[in-house]
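Dear colleague,

Please find below the structure I am handing over to you, with its sequence. My findings follow it.

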Amino acid sequence: MEVIIRDTVEEVSLLGAQVVAQLLRQKPQCVLGLATGRTPLRLYRELIRLHEKEKLDFSQVTTFNLDEYVGLPPGHPQSYHFYMRENLFRHVNLPPGSTHIPDGCAPDLRFHCFEYEEAIRAAGGIDLQLLGIGSNGHIGFNEPTGSLNSRTWIKILSEKTLHDNASHFATPEEQPRHVVTMGIGTIREAGHCIVLASGAQKSNAVKAMIEGPVSSMCPASALQLHPRTTVIADSDAAARLDQLEHYRWIEQHKLGWQKYS
Ligand code: GLP
């Protein structure tokens, strides 16, 4: 794994946005995998700024989101459809029809999962997948002990994740316990995975992902088997890593073309 550590979440987000923007400029017809949650919010704001100020062009881009809550319609403020519309889609020139998010209200959810996988394949696969990480090491909504080869499917959230995300919902009854998420196997087929992590509450998960064994107890650790994963963490999220000095050493000695900034 490539591990990049920055002092602040601001720097993490701007570097993440820079990686996305670089891909859009090199490959205008790219396929982006997108994530939700608090972590990528600042990255999306920077992409919007680049679109407005530097004409970053999304007109030929196709997107696939990682996950969605079962039972929340697209207009629900806590749905990931709503999140993506408000935080990115309506601010940039992505053509309607080029964005894809699992439909948590599909009449036949199981069939929908197969269709979603097929749509990713038909688009030629994901070039760059953005990821956050849950405090229990989940990516997408793939919770600990799930298969590290899973495909897009309906999953049940763990009590830990429900607790972590409870503040988004007015009452516990409103919070869905089921989700549709790309599987770990789906995520691992992306050409490049970028994991953003910030804050001390992620430090155990970040350590397990990078330096722990590959284990379904930390689903993100499956990315150790991925040929090209970049973790961008702020110093709080990176605080428990044993090899901090090594990652800094590697970054200092990168060849020009290996650097992002
Ligand atoms: C959420 C999402 C993940 C996200 C993670 C961390 O529940 N399904 O895609 O990466 O949990 O969220 P946050 O960035 O808000 O900490």
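This is a predicted model: local features need pLDDT of at least 70, side-chain atom pairs count only at pLDDT 80 or more; totals for chains, interfaces and linings use all residues.

The buried residues of α2 are Arg42, Leu43, Tyr44, Glu46, Leu47, Ile48, Leu50 and His51. Their packing partners are the helices α1 (9-26) and α3 (80-87), together with the strands β2 (31-34), β6 (128-131) and β9 (192-197).

Turning to the sheet, seven strands form an open arrangement in the order β1-β10-β9-β6-β2-β3-β5, and their pairing is parallel. The edges are taken by β1 (2-6) and β5 (99-100); each has a single partner strand, so one side of each is left without a neighbour in the sheet. Strand β3 (residues 62-65) runs parallel to β5 and is joined to it by two bridges. Across this pair, Phe64 stands opposite His100 in β5.

There is also a surface feature to report. A nonpolar patch is formed by Phe111, Phe114 and Trp153, which together have about 340 Å² of accessible area. Of these residues, Phe114 lies in helix α4 (residues 109-122). Phe114 counts as exposed because its relative accessibility is 55%, and the cut-off for that class is over 50%.

With kind regards

Terms used. Residues are numbered from 1 along each chain as its sequence is written. Side-chain values use heavy atoms; hydrogens and water are left out. Patches are made of residues with over 30% relative accessible area and no salt bridge: like charges are joined within 9 Å, nonpolar side chains (Val, Leu, Ile, Met, Phe, Trp, Tyr) within 5 Å. Accessible areas come from the Shrake-Rupley method with a 1.4 Å probe; for residues, only the protein chains shown count as cover. A salt bridge is a side-chain nitrogen of Lys or Arg within 4 Å of a carboxyl oxygen of Asp or Glu. Helices (H or I, at least four residues) and strands (E, at least two) are DSSP runs, numbered from the N terminus. Buried means under 20% relative accessible area, exposed over 50%, partly exposed in between (1.4 Å probe, protein chains only). Contact means heavy atoms within 4.5 Å. Two strands pair if DSSP finds at least two bridges between them.
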